[in-house]
Amino acid sequence: MTVQRIDVIRPAELSPTDLELWGELRASTAPEANPFMSPEFCQAVGRVRPGARVAVVRQDGEPAGFFPFERGRWGRGRAIGLGVSDSQGAVLRPGVSVDPHELLRASSLSVWEFNHLENGQDLFLPFATGRFASPVIDIDTADGYAGYETLLRAGSRTFLKATRAQERRLARQAGPLRFVFDERDPAVLRTLMAWKSAQYRRTGLRDRFAQDWINNLVRMLAGTRAASCSGLLSVLYAGERPVAAHFGLRSRTVLSCWFPAYDRDFATFSPGRVLYLRMIEAAAAAGIGMLDLGRGDAAYKDSLKTRELTVHEGAVLRAGAGAALHWLSHEPPRAVRGFVRERPQLKATALRTLAMVGRMRDRTPRP
């Protein structure tokens, strides 16, 4: 008879055996080896988020699965790195059966919230309240980037032609273009973060880089070099000046796109699009089979994608104060968002309102 036990530890307390098994399970069971589901990402979050924990599922004393999460007040839990993580869930050995409510009870949680639950997470899918497209770019064909460009030319010919023309214009106006797939200069990373912060404010979105833990996490991951999770800063230079950059995480086979931005002085040249084409080509040459563009609407994603994954949002609840607080703070707004998503006119109005808020924010003097 199998005896099951659940131990809750801090990410830093994962043993070498735990880390090795976690990596093996992801490599053998995950449809896509997204780096946000790696033990290295979990440990990095653990260094900047004091509530980070891992529930280790053991069978007959041996580790059989891992459930990373963050625990807050009143037992309110959330996916590890929620707010910046693009892939969430548990890592379990095939055939291991766990009651999700028992998992929460052992983790001292009354609720566990997720917003990028990867498809195939059967343990939590019954608790999903929304599903979203996450566009991806497949470049693992025999022809690599050349095969992808053939598809792009057939499906988004105008996008490709316009981007190549802008690339030539940028080189003529600003100097010879140079692309670095894996830039290690921390000053360029700081430049990218400043661009992205300004973009958030300009578009009326919450500035992620105004939060210290996200700043520290990104800087930490920039120096991470592991097979299942490495920070990757890619930069397009015109002359010696960076004009567009992207920071993401990569595994052996997947590049998860995270923070792209560009210098607004060169906006008329579409440097972000030029950067993406260079990045896709370099990723294919490096043996990466897929770029995950992440959940969210954007015209460039529609032009570049080859297909879409599905991610889910929702929450597992147990009776308790934390679950009640979660429902009050999340379910009514979620219902409103769903109502707006299903009505394109309302969605367009909401986007215009966000842009207006961003412009007002930029005009407001800072203390």
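Tutor: One term before we start. Buried means under 20% relative accessible area. With that cut-off, Pro39, Phe41, Cys42, Gln43, Ala44, Val45 and Val48 are the buried residues of α2. Keep in mind that this is a predicted model.

Student: How many residues of α2 are buried, out of how many?
Tutor: Of its 10 residues, 7 are buried, so α2 counts as mostly covered, given the under 20% cut-off.

Student: And the whole chain? What share of the residues is buried?
Tutor: The chain has 367 residues, and 51% of them are buried.

Student: How many helices and strands are there?
Tutor: The chain has 11 helices and 14 strands.

Student: Let's take α1. What span should helix α1 have, and what do its ends say?
Tutor: Helix α1 runs over residues 16-29, which is 14 residues.

Student: Which residues of α1 are buried?
Tutor: Asp18, Leu21, Trp22, Leu25 and Arg26. They sit on the same side of α1, because they cover an arc of only 135° around the axis.

Student: Why would residues spaced like that point the same way?
Tutor: An α-helix has 3.6 residues a turn, so residues three or four places apart point the same way.

Student: What's on the other side of α1?
Tutor: Exposed residues: Pro16, Glu20, Ala27 and Ser28.

Student: New topic. How many residues are in the largest nonpolar core?
Tutor: It has 42 residues. Those with the most contacts inside it are Phe41, Leu217, Val218, Leu221, Phe247 and Trp258.

Student: Which elements supply at least two residues each?
Tutor: On the helix side, α1, α2, α6 (186-202) and α7 (212-222) do. So do the strands β2, β10 (229-238), β11 (241-250) and β12 (254-262).

Student: Which one gives the most?
Tutor: That's α6, with 6 residues in this core.

Student: OK, charges now. How many salt bridges does a search of the whole structure find?
Tutor: It finds 21. Side chains of opposite charge can pair when their charged atoms come close.

Student: Which residue forms a salt bridge with Glu118?
Tutor: Arg26, with the closest N and O atoms 2.8 Å apart. The pair links distant parts of the chain. Glu118 is in strand β6 and Arg26 in helix α1, 92 residues apart.

Student: Are those two buried or exposed?
Tutor: Both count as buried. Glu118 has a relative accessible area of 12%. Arg26 is at 8%.

Student: What about Arg49 and Glu70? Where do they lie?
Tutor: Arg49 is in the loop between α2 and β2, and Glu70 is in strand β3, 21 residues apart. Their side chains meet in a salt bridge, 2.9 Å from N to O. Arg49 is partly exposed, at 21% relative accessibility. Glu70 is buried, at 5%.

Student: Which residues join into one network through shared partners?
Tutor: Salt bridges that share partners join Glu149, Arg153, Arg164, Glu167 and Arg278.

Student: Last one. Where is Gln166?
Tutor: Gln166 lies in helix α5, residues 157-174. Gln166 is buried, with a relative accessible area of 14%.

Student: What does its side chain make a polar contact with?
Tutor: The side chain of Gln166 makes one with the side chain of Arg169, at 2.4 Å. Also, a polar atom of the Gln166 side chain lies 2.7 Å from the backbone oxygen of Thr268. Not counting residues up to four places away in sequence, Gln166 touches Thr268, Phe269 and Ser270.

Technical notes:
Residues numbered from 1 in each chain as written. Predicted model: local features only at pLDDT ≥ 70, side-chain atom pairs only at ≥ 80, totals over all residues. Heavy atoms only, no water. Helix = DSSP H or I, 4+ residues; strand = E, 2+ residues; numbered from the N terminus. Expected span 1.5 Å × (residues − 1). Buried < 20%, exposed > 50% of the residue type's maximum accessible area, 1.4 Å probe, protein only. Arc of directions from axis to C-beta. Polar contact = N/O pair within 3.5 Å; in protein donor to acceptor, adjacent residues only side chain to side chain. Contact = heavy atoms within 4.5 Å. Core = buried A, V, L, I, M, F, W, Y, C linked by side-chain atoms within 4.5 Å. Salt bridge = Lys/Arg side-chain N within 4 Å of Asp/Glu carboxyl O.
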